[in-house]
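Reader: Could you take me through this structure by question and answer, giving the cut-off behind each term as it comes up?

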Amino acid sequence: MDLGLGGRGYLLTGASRGLGFAAARALVDDGARVVVSSSSADKVADAAEKLGGAPAAYGVLGDLAAPEAVPALVDEARERLDRLDGALISVGGPRPGTVFQTTADDWRDAYESVVLGPLELVRALVPHLGEGAAIGFVLSTSVRQPIGELAISNALRPGLAMTAKALADELGPRGIRVFGLLPGTIATDRITEIEAASGDPAAARAATEAAIPLRRVGQPEEFGRVAAFLLSPAASYVSGTMVAVDGGRLRSP
């Protein structure tokens, strides 16, 4: 299938590694051009080089936890790509812990980065997007069911999902689509770190896979292909929905 991505330009945040980088890889492989951003200049430069460098990929420093820097990030993406056809918005996960293990400051900081940062990016992006553009939010399966030890994510991700739904209503008449992605357990560096912290990585992986109907964790490229499809013109009638990429683990439809 031709996704129609040739020549199109996308901004991806939190994309120096992991799921964002996998999505950037899939977009570039199908002919799109990308700006990848994160809070580390060295990491985004390295990511852009791995993606083939200019003119297919550029690395730009950008931290959504600093809303005042967001307009400059959008301006630089427009300058590098000459056009913007959409964005994939991803931010780091909030501090883990239960309700009683996390502080009020933890919650405030997470709200700034998980909710307000992405919304500032949308506000800066939308004036430059035309009909056929798409905005995707990388969320979590906590949108539909809580995850143990992730109280802050369990609270904030569902709220951002509903905000994405509201944005789909607001931007739909302009031909701009909005959607969310709900990744399950994907074999990223972050998952490897969590498994290592358990003290028995093999047992942790086995326990995780036993709870997934496909009996395995996902690969980053599997997530990346779904993200690229949803951002592409091939998904032109998909908007306002949350798409799980979780091997069937979610118990909700």
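Author: Buried means under 20% relative accessible area, exposed over 50% and partly exposed in between, computed with a 1.4 Å probe on the protein chains only. This is a predicted model, in which local features need pLDDT of at least 70 and side-chain atom pairs count only at pLDDT 80 or more, while totals for chains, interfaces and linings use all residues. Residues are numbered from 1 along each chain as its sequence is written, and side-chain values use heavy atoms, with hydrogens and water left out.

Reader: Is Leu5 buried or exposed, and at what relative accessibility?

Author: Leu5 sits in the segment before β1 (9–12), where helices (H or I, at least four residues) and strands (E, at least two) are DSSP runs numbered from the N terminus. Leaving aside neighbours within four places in sequence, Leu5 is in contact with Tyr10, Leu27, Asp30, Gly31, Ala32, Ala228, Ser232 and Pro233, contact meaning heavy atoms within 4.5 Å. The C-alpha atoms of Leu5 and Ala32 are 27 residues apart along the chain and separated by 5.1 Å. Leu5 counts as buried, because its relative accessibility is 0%.

Reader: Why is α1 described as largely enclosed by the rest of the structure?

Author: In α1, the buried residues are Leu19, Gly20, Phe21, Ala22, Ala23, Ala24, Ala26, Leu27 and Val28. The helix is therefore largely enclosed by the rest of the structure, the buried residues being nine of the twelve.

Reader: How far does α1 reach from its first C-alpha to its last?

Author: The expected span of a helix is 1.5 Å times one less than its number of residues. For the twelve residues of α1 the expected value is 16 Å, and the reach of the helix from first C-alpha to last is close to that, at 17 Å.

Reader: Which residue just after α1 takes a positive phi?

Author: The residue in question also belongs to the contacts of Leu5, listed there between Asp30 and Ala32. Just after α1, a positive phi of about 105° is taken by Gly31.

Reader: Which residue is 198 residues from Ala22 in sequence but 5.6 Å away in space?

Author: Ala22 is found in helix α1 and is buried, with a relative accessible area of 10%. Leaving aside neighbours within four places in sequence, Ala22 is in contact with Pro220, Glu221 and Gly224. The residue 198 places away in sequence, at 5.6 Å from C-alpha to C-alpha, is Pro220.

Reader: Which element gives the largest share of the lining of the second largest pocket?

Author: A pocket is found on a 1 Å grid over the protein atoms alone: whereas a cavity is a set of points where a 1.4 Å probe fits but cannot get out, a pocket is an open set with protein on both sides within 12 Å along at least five of seven lines, and lining residues have an atom within 4 Å of a point. The lining here is made up of Ser16, Arg17, Gly18, Phe21, Lys43, Asp46, Ala47, Lys50, Ala187, Thr188, Asp189 and Pro220. Two or more of these residues come from each of α1 (18–29) and α2 (41–50). The largest share, four residues, comes from α2.

Reader: Which residues have the most contacts inside the largest nonpolar core?

Author: A nonpolar core is a set of buried Ala, Val, Leu, Ile, Met, Phe, Trp, Tyr and Cys residues joined through side-chain atoms within 4.5 Å. Not counting residues up to four places away in sequence, Ile135 touches residues including Ala87, Ile89, Val122, Leu171 and Phe179. The largest core has 42 residues, and those with the most contacts inside it are Leu11, Ile135 and Phe137.

Reader: Where does a cis peptide bond occur, and what is its omega?

Author: Pro55 lies in the loop between α2 and β3. The peptide bond from Ala54 to Pro55 is cis, with omega near 5°.

Reader: What relative accessibility does Arg215 have?

Author: Arg215 lies in the loop between α7 (201–210) and α8 (220–231), and has a positive phi of about 60° although it is not a glycine. Arg215 counts as exposed, because its relative accessibility is 53%.
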